[in-house]
Amino acid sequence: MTSARMSTLATLRGRIERIEASTGPSSPNRVALGHAEADAALGGGLAVAAMHEVFAEGHQGAVATGFVAALAARVSARRPLVWVRQDFCDLEAGALAMSGLAELGLDPRALVTVRAADVESALRSAADALACDALGAVVLEVWGQAKAIDLVASRKLTLTAQASGATCLLLRIAAAPLPSTAETRWIVRAAHSPPSPWGVWGAPCFDAELIRNRHGPTGRWIMEWKCDECLFSEAADPQPLAATPAHRPHQAAARTKQRLAG
């Protein structure tokens with residue numbers, strides 16, 4: 001065996017050891033996220049073969065997309081992933097960037113994206129995909145308050161996930177939570193990500209609030225995503241970002257016009 005191959009094997013073994021040490025044992029129906037406090041609240045990790053909801057405000061859509069991609073990377077267990085998006089999501093937030101998902105740890109070759117014309121079509125496509133037991137996870141991304149995604153629809157997604165073994169991640173942007181059969185419900189916001197010592201971009205950090213947990217307590221944590229290891233950890237500098245003002249006062253707009261006129 002060449003020295004290059006031996007070095008590669010040693011690197012892979014080291015990564016596996018770090019992942020196992022960080023995540024600890026998981027129950028057969030749960031996957032540890034890597035964040036100790038979050039995993040403790042979740043009873044060992046995120047439940048697979050279940051439905052989970054992630055909510056975010058419109059200007060936090062990119063953050064929520066990254067968080068859901070990270071969850072999908074954990075629960076899919078290297079099996080194929082289907083991401084169903086309502087067309088309106090592309091119009092509001094832009095298309096999914098395969099390069100960005102790859103940097104987060106998802107393999108674009110194992111990802112199938114589906115664009116649906118409306119919420120109803122997206123819901124049907126996600127349910128059909130979720131029935132396939134060859135998939136690790138199905139992401140359903142919908143923008144706005146959609147009447148079609150009600151308690152009946154969420155129950156159908158939950159039952160289909162339980163039957164197939166795939167995990168459903170429902171991403172809701174610019175929507176308010178309603179009653180559902182979700183195992184967990186999260187609200188995600190951006191968190192401060194300090195630069196690395198090498199002067200490059202820091203690791204992705206999420207202000208993740210667990211507001212519903214069917215089998216345990218809720219909580220809120222600043223979670224850092226380790227792209228190489230594909231797991232979460234406690235953030236080294238846990239700071240949420242300042243809230244974005246809902247609107248600018250009319251005095252500010254008037255001053256802006258004065259400066260432009262001058």
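**View 1. The lining of the largest cavity.** Glu53, Phe55, Ile149, Asp150, Leu151, Ser154, Leu170, Arg172, Ala176, Leu178, Pro179 and Ser180 line the largest cavity in this predicted model. A cavity is a set of points, on a 1 Å grid over the protein atoms alone, where a 1.4 Å probe fits but cannot get out; lining residues have an atom within 4 Å of a point. The largest cavity has a volume of about 70 Å³. That volume is the space filled by probe spheres set on the points, with grid points joined across faces, edges and corners. By this rule there is 1 cavity of 30 Å³ or more. The lining holds 7 nonpolar, 2 polar and 3 charged residues. Here Ala, Val, Leu, Ile, Met, Phe, Trp, Tyr, Cys and Pro count as nonpolar, Asp, Glu, Lys and Arg as charged, and the others, Gly among them, as polar. β3 (51–56), α7 (151–164) and β7 (167–173) each supply at least two lining residues. Helices (H or I, at least four residues) and strands (E, at least two) are DSSP runs, numbered from the N terminus.

**View 2. Thr167 in strand β7.** Is Thr167 buried or exposed? Thr167 is buried, because its relative accessibility is 0%. Buried means under 20% relative accessible area, exposed over 50%, and partly exposed in between (1.4 Å probe, protein chains only). Contact means heavy atoms within 4.5 Å.

**View 3. Helix α3 and the largest nonpolar core.** A nonpolar core is a set of buried Ala, Val, Leu, Ile, Met, Phe, Trp, Tyr and Cys residues joined through side-chain atoms within 4.5 Å. The largest has 42 residues; Val54, Phe67, Trp186, Met223 and Phe232 touch the most other members. Helix α3 (residues 61–75) gives the most to this core, with 10 residues. Of the 15 residues of α3, 14 are buried, so the helix is largely enclosed by the rest of the structure. α3 reaches 21 Å from its first C-alpha to its last, close to the 21 Å expected. The expected span is 1.5 Å times one less than the number of residues. After α3 comes Ala77, with a positive phi near 50°.

**View 4. Cys132 in a loop.** Cys132 lies between α6 (119–130) and β6 (137–143). Cys132 is partly exposed, with a relative accessible area of 32%. Leaving aside neighbours within four places in sequence, Cys132 is in contact with Ser164 and Ala166.

Residues are numbered from 1 along each chain as its sequence is written. In this predicted model, local features need pLDDT of at least 70, side-chain atom pairs count only at pLDDT 80 or more, totals for chains, interfaces and linings use all residues, and side-chain values use heavy atoms, with hydrogens and water left out.

Note on methods:
On a 1 Å grid over the protein atoms alone, a cavity is a set of points where a 1.4 Å probe fits but cannot get out, and a pocket is an open set with protein on both sides within 12 Å along at least five of seven lines; lining residues have an atom within 4 Å of a point.
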